[in-house]
Amino acid sequence: MKTRSIARTGVALLSVAALAALWSGNIAAQSPLPSAGTKTYADMTVGFIQTGSESGWRAANTASFKETADQLGINLKFYDAQGKLENQVSAFHQFNQDPSVNVIILAALDVTGYDDVLKEAQANGKVVVLEDRRIDADPSLYYTYIGSDFDLEGQKVAAAMCDLLKDSPSKNVAEISGAVGASAAIDRAKGFREKMGDCGITIPDGLSQTGNWGVPESKAVMEAFLKKTTDIQGVFAHNDEEAIGAIQAIQEAGLVPGKDIKVIGVDATADGFKYMIDGTLNADIECNPLLAPQVYEAALAALNGDTSLPKWVPSQEGQFFAAQGADALNAILATRKY
Ligand code: GYE
């Protein structure tokens, strides 16, 4: 009796399986059901290590990851390192030890200091994706890096400054750089220096200093520069907050930012647009903070064993100029998320 029933049961099961296959066949044509074992966003628990909350760009970057995780149903464990490398390294170690975490995303404060936790992550089978900033580590220790070409951004600043100073006999440019050790600051400075010679721009000694990505510190730096000399024709600020600090100092020195001294920023946040629209900021080189969809997609690909992604996926970015006029800039600003 039993055998048969198994037989009959067997036959019954077969037809259900055939049906299922048939049925799945149909769906396959539409949207491939994740085959057994294929991970989905619901399977992702992400340990996200942010730099801190130092700028408008950073706020947009954080919002991109939190909002997109909600939309995709990703379990996000978000950590704000408050600008301290040691906090990032200890959080990274915590996530390595957390069995529920299968993906770690790092926005690196510094270009070095992560080798041990990267090796620990590899040993613990964690997928590591770098977002925003590159690091100087063996690429085999992370899946991919998704972020901007900061060197190219620096080159774009130099080209824009050359154009703004084309009729100026003197081309002394003061630099307010980003936080020391950050790849964004290192590479933007390098890119600018690679191109500044094209039109004879120089950065006089003593006129390059960090503003740590913030308005008040950058204002103080620019005030100190102007006390040293007023023979300054341009300011290269590594982000919008630093440009705003420089603009405030130039105004308080009785000079006209955008005219007496040309000012160029990087990020192109809403604040940057505001200062371009009133003409005190001459140009703003875009740096895209909305990286979450691409980064989560890459992490999911990694979880599913996809090895086709390159080690660096550079962001696509533009640039904007006060010369475009307030109407055009306002129209663009209305379409932007940050
Ligand atoms: O330019 C600045 C932020 O890493 C690209 O960090 C980012 C930079 C951005 O603080 O505003």
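Two strands count as paired if DSSP finds at least two bridges between them; strands (E, at least two residues) and helices (H or I, at least four residues) are DSSP runs, numbered from the N terminus. The model shown is predicted, so local features need pLDDT of at least 70 and side-chain atom pairs count only at pLDDT 80 or more, while totals for chains, interfaces and linings use all residues. Residues are numbered from 1 along each chain as its sequence is written, and side-chain values use heavy atoms, with hydrogens and water left out.

**View A. Strands β9 and β10 in parallel pairing.** Four bridges link β9 (residues 262–267) to β10 (residues 283–286). Opposite D267 stands E286 of β10. Both strands belong to an open sheet of six strands with mixed pairing, in the order β7-β6-β8-β9-β10-β12. At its edges lie β7 (208–210) and β12 (319–321), each of which pairs on one side only.

**View B. Strand β1 and its parallel partners, β2 and β3.** β1 (residues 45–50) joins β2 (residues 75–80) through six bridges, and F48 stands opposite F78 in β2. From β1 the chain passes through α2 to β2 in a right-handed β-α-β crossover, meaning that, with the strands pointing away from the viewer, the path from the first strand over the helix to the second runs clockwise.

**View D. The largest cavity.** A cavity is a set of points on a 1 Å grid over the protein atoms alone where a 1.4 Å probe fits but cannot get out; lining residues have an atom within 4 Å of a point. The largest cavity has a volume of about 100 Å³, a volume being the space filled by probe spheres set on the grid points, which are joined across faces, edges and corners. Its lining comprises 13 residues, with W57, R58, R133, R188 and D267 the closest to its centre. Helices α2 (56–72) and α6 (183–196) each supply at least two of the lining residues.

**View E. The largest pocket.** A pocket is an open set of grid points with protein on both sides within 12 Å along at least five of seven lines. The largest pocket holds about 210 Å³ of space. Among its 15 lining residues, G83, K84, L109, A179 and W213 lie nearest its centre.
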